[in-house]
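Hi everyone, thanks for coming. Could you put the sequence and the model up on the screen, please? I'd like to walk you through it.

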Amino acid sequence: MELVRATEAAAIRAVPFIGRGDKNAADGAAVDAMRKFLGTVDFDGLVVIGEGEKDDAPMLYNGEHVGTGQGQACDIAVDPIDGTSLTAAGRQNALSMIAVADRGSMYDPSAVFYMDKIVTGHEGHGVVDLRKPIGENIRALAKAMKKDVADLVVAVLDRPRHAQLIEEIREAGAGTRLLLDGDVAGGINAARYDARIDMCVGRGGTPEGIITACALKGLGGFIQARLAPQNDDERQKAIDAGHDLERILEIDDLVTSDNTYFVATGVTDGQLVGGVRKKGPIIRTESIVLRGRSGTIRRVVADHLAEKWL
């Protein structure tokens, strides 16, 4: 619940910026709120995946310690707004999220910001492989799920780099759901038994891949990933850090502990959770909590007295 309070705060503080066209202002407000609330949590959190180098952030940066310093030592991954552009444009599927695991258990990508990923539900274990052509993976997953290929839905970030991938998915006979942003929600929905998405695939952020792996621990889902450096500098950093760029990373490589928490609160409405809503004197938030060790999914709907936030 303490972690939920932090994502709720970040989501609520981002609301005035929804549809206003300023993604940096939205992100700044969410970062400030999340950092403030995390400072009250009784744990020694080390930010392994934060606003970090890519964002040149003054708070929640990689290597920062958060919490009271009392209690369990943890790795923490934060994204005060996953989908800042979605928020700025007033589009769906923006989230505030946190993932937590035992200290030293989260994968360190060594400043490689992108990875190729494939995510499914539990049926993908031993069936789907990132090294195989997408059509082969689609047919194998459909068979494992006892579905027709034509009924399979594959989520992909809508980017020019995925034009060929999208064409191959459709040629295989499956449908696509093109995501404007937010492949963490896409991956979680691919692993949920009651969601319409069956697979999430493509090149996306490395931090998002690790956060997704933490969430999948509570869902029994399947993920494979491979680092995808975008330039020679990133490639050399990865090699110098000892990374094998051909290695297929499994879920237990991305986060070695099963003692994981994933928490997300909706900023705008989406398939995973609803967005923040103002109802008279109340601000209503909807959150999801996934616990790796117990394999539980909890949904938290909270009403906040609006005057406390004005």
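I'll go from the chain as a whole to a handful of single residues.

First, a word on what you are looking at: this is a predicted model. The chain holds ten helices and 14 strands. If you draw a box along the principal axes, the C-alpha atoms fill roughly 55 × 45 × 40 Å.

Let's look at how the chain packs. Of the 310 residues, 55% are buried. Take the contacts with a separation of 6 or more: 68% of them join residues 24 or more positions apart.

Now, to the aromatic rings. How many aromatic pairs does the count give? The count comes to one. The pair is Phe37 with Trp309: their ring centres are 6.2 Å apart and their planes meet at 15°, under the 30 degrees needed, so this pair is stacked. Have a look at where the partners sit. Phe37 belongs to helix H2, residues 23-38, while Trp309 is in the segment after strand S14, residues 296-305, so the pair ties together parts that are 272 residues apart in sequence. Are these two buried or exposed? Phe37 has 19% relative accessibility, which is under the 20% cut-off, so Phe37 counts as buried. Trp309, at 17%, counts as buried too.

Next, please find Gly50. This glycine is in the loop between strand S1, residues 44-49, and helix H3, residues 52-55. Gly50 is buried, with a relative accessible area of 17%. Which residues does Gly50 touch, once we set aside those up to four places away in sequence? They are Leu60, Asn62 and Val78. Val78 is 28 residues from Gly50 along the chain, yet their C-alpha atoms are separated by 5.2 Å.

Let's move on to the loop between strand S4, residues 95-102, and strand S5, residues 114-120, where we find Ser105. Ser105 has 4% relative accessibility and so counts as buried. Beyond its sequence neighbours up to four places away, Ser105 touches Asp75 and also Leu254, Val255, Thr256 and Ser257.

Pro109 is in the loop between S4 and S5 as well. Pro109 is buried, with a relative accessible area of 13%. Again leaving out residues up to four places away in sequence, Pro109 touches Thr206, Ile210, Leu227 and His243. Pro109 and Ala238 are 129 residues apart in sequence, but C-alpha to C-alpha they are 7.4 Å apart in space.

From there, let's go to a strand. Arg203 lies in strand S8, residues 199-205. With 27% relative accessibility, Arg203 counts as partly exposed. What does Arg203 contact, apart from neighbours within four places in sequence? The list includes Tyr114, Met115 and Asp116, then Leu157, Arg161 and His162, and also Ala228 and Gln230. Val156 is 47 residues away from Arg203 along the chain, and their C-alpha atoms are separated by 8.7 Å.

Last stop: the backbone. Most residues other than glycine have a negative phi. With that in mind, look at Asn93, where phi is near 80°, a positive value in a residue that isn't glycine. Asn93 lies in the loop between helix H4, residues 84-89, and S4. Its relative accessible area is 26%, so Asn93 is partly exposed.

Lys146 also has a positive phi, about 55°, although it is not a glycine. You'll find Lys146 in the loop between helix H5, residues 134-145, and strand S6, residues 153-157. Is Lys146 buried or exposed? Lys146 is exposed, with a relative accessible area of 77%.

Note on methods. Residues numbered from 1 in each chain as written. Predicted model: local features only at pLDDT ≥ 70, side-chain atom pairs only at ≥ 80, totals over all residues. Heavy atoms only, no water. Helix = DSSP H or I, 4+ residues; strand = E, 2+ residues; numbered from the N terminus. Buried < 20%, exposed > 50% of the residue type's maximum accessible area, 1.4 Å probe, protein only. Contact = heavy atoms within 4.5 Å. Phe/Tyr/Trp six-rings, centres within 6.5 Å; stacked < 30°, edge-to-face > 60°.
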